[in-house]
Amino acid sequence: MGKGGGCVPSKKKKPSSLAATTTTGDGIDDDGAANAPIPIEDDQTTNTAGTTTPSITARTIAPPLKIFVVFYSMYGHVESLAKRMKKGADGVEGVEARLYRVPETLSQEVVEQMKAPAKDTEIPEITAAELAEADGFLFGFPTRYGCMAAQMKAFFDSTGQLWKEQTLAGKPAGFFVSTGTQGGGQETTAWTAITQLVHHGMLFVPIGYTFGAGMFKMDSIRGGSPYGAGVFAGDGSREATETELALAEHQGNYMAAIVKRLAQP
């Protein structure tokens, strides 16, 4: 004890800053837990000799989220939008888009009489049961008097088991369409299709005006609406413009971002 009443450190006692320091058997000082970095248990293992050796940590890579682009297209207009939607969705990291067509309900004889082009054999037909595998959907179809074509309606009618079990409840979905004229149902065709999603408990995801300036251009004819992308087919000879295709690509990208956001914990 000193004259001032203070404590004089013992020569045998380590300073407080080193109090937590210990010496390993090989003579190397090892700092205490207060100053040591937080260990990562998966980065090293201890063998029987008491020394540590690095180990290879198996990292689980999450499978990509899946968006099914499901469509019916007789003359190829809806299909052209579908392919650009896939491109847009594939542009979002961690998301994968797949193209599917619904079964044709017309006989081959009738299809030939309507002079419909041959279908792309690389795009498979989908079954109702396969819908359960997807994390999100984009459904495309031409209009029939302001409603979806009978082929797409027949496909939705085949989803009764999924409806009974509410397998698709909570999954996001959007629409894209094709019409013959400017007043032929660019909005109503998508609007009347919402009933299919409602009964399945699905979430309708419109694009609104997220396409930006492209939604307000008036210098050319353009399909599409806040409900989703669209194309004017006319008598069947008109092809989708680059603006219509760009809107479809935007919708695919937008839907992929929504699906990814909803999948986050």
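This is a predicted model: local features need pLDDT of at least 70, side-chain atom pairs count only at pLDDT 80 or more; totals for chains, interfaces and linings use all residues.

Residues are numbered from 1 along each chain as its sequence is written, and side-chain values use heavy atoms, with hydrogens and water left out.

**The whole chain**

The protein chain has seven helices and 11 strands; helices (H or I, at least four residues) and strands (E, at least two) are DSSP runs, numbered from the N terminus. Of its 265 residues, 37% count as buried, meaning under 20% relative accessible area with a 1.4 Å probe, protein chains only. A contact means heavy atoms within 4.5 Å. Among contacts between residues at least 6 apart in sequence, 71% join residues at least 24 apart.

**Strands side by side**

Strand S6 (residues 95-101) has five of its seven residues buried, so S6 is largely enclosed by the rest of the structure. Strand S7 (residues 136-144) has eight of its nine residues buried, so S7 is also largely enclosed by the rest of the structure.

Which strands do they pair with? The table shows pairings of S5 (residues 65-71) with S6 and of S7 with its partners, including S9 (residues 172-179) and S8 (residues 147-148). Two strands pair if DSSP finds at least two bridges between them.

| Pair | Bridges | Direction | Residues standing opposite |
|---|---|---|---|
| S5 and S6 | seven bridges | parallel | valine 70 and tyrosine 100 |
| S5 and S7 | five bridges | parallel | phenylalanine 71 and glycine 140 |
| S7 and S9 | six bridges | parallel | phenylalanine 139 and phenylalanine 175 |
| S7 and S8 | two bridges | antiparallel | threonine 143 and methionine 148 |

S7 and S8 form a hairpin with two residues between the strands, where tyrosine 145 takes a positive phi near 55 degrees.

**A helix between strands**

S5, helix H1 (residues 77-90) and S6 make a right-handed β-α-β unit. Right-handed here means that, with the strands pointing away from the viewer, the path from the first strand over the helix to the second runs clockwise.

How do the axes of H1 and helix H7 (residues 242-263) cross? They come within 7 Å and cross at roughly 45 degrees. That makes H1 oblique to H7. The residues of H1 that meet H7 include Ser80, Leu81 and Arg84, and those of H7 that meet H1 include Glu242, Leu245 and Ala256.

For the angles, axes are lines fitted to C-alpha atoms, for helices over the stretch in contact, and angles run from 0 to 180 degrees between N-to-C directions. Angles under 35 degrees count as roughly parallel, over 145 as roughly antiparallel, 65 to 115 as roughly perpendicular and the rest as oblique.

Notes: Buried means under 20% relative accessible area, exposed over 50%, partly exposed in between (1.4 Å probe, protein chains only).
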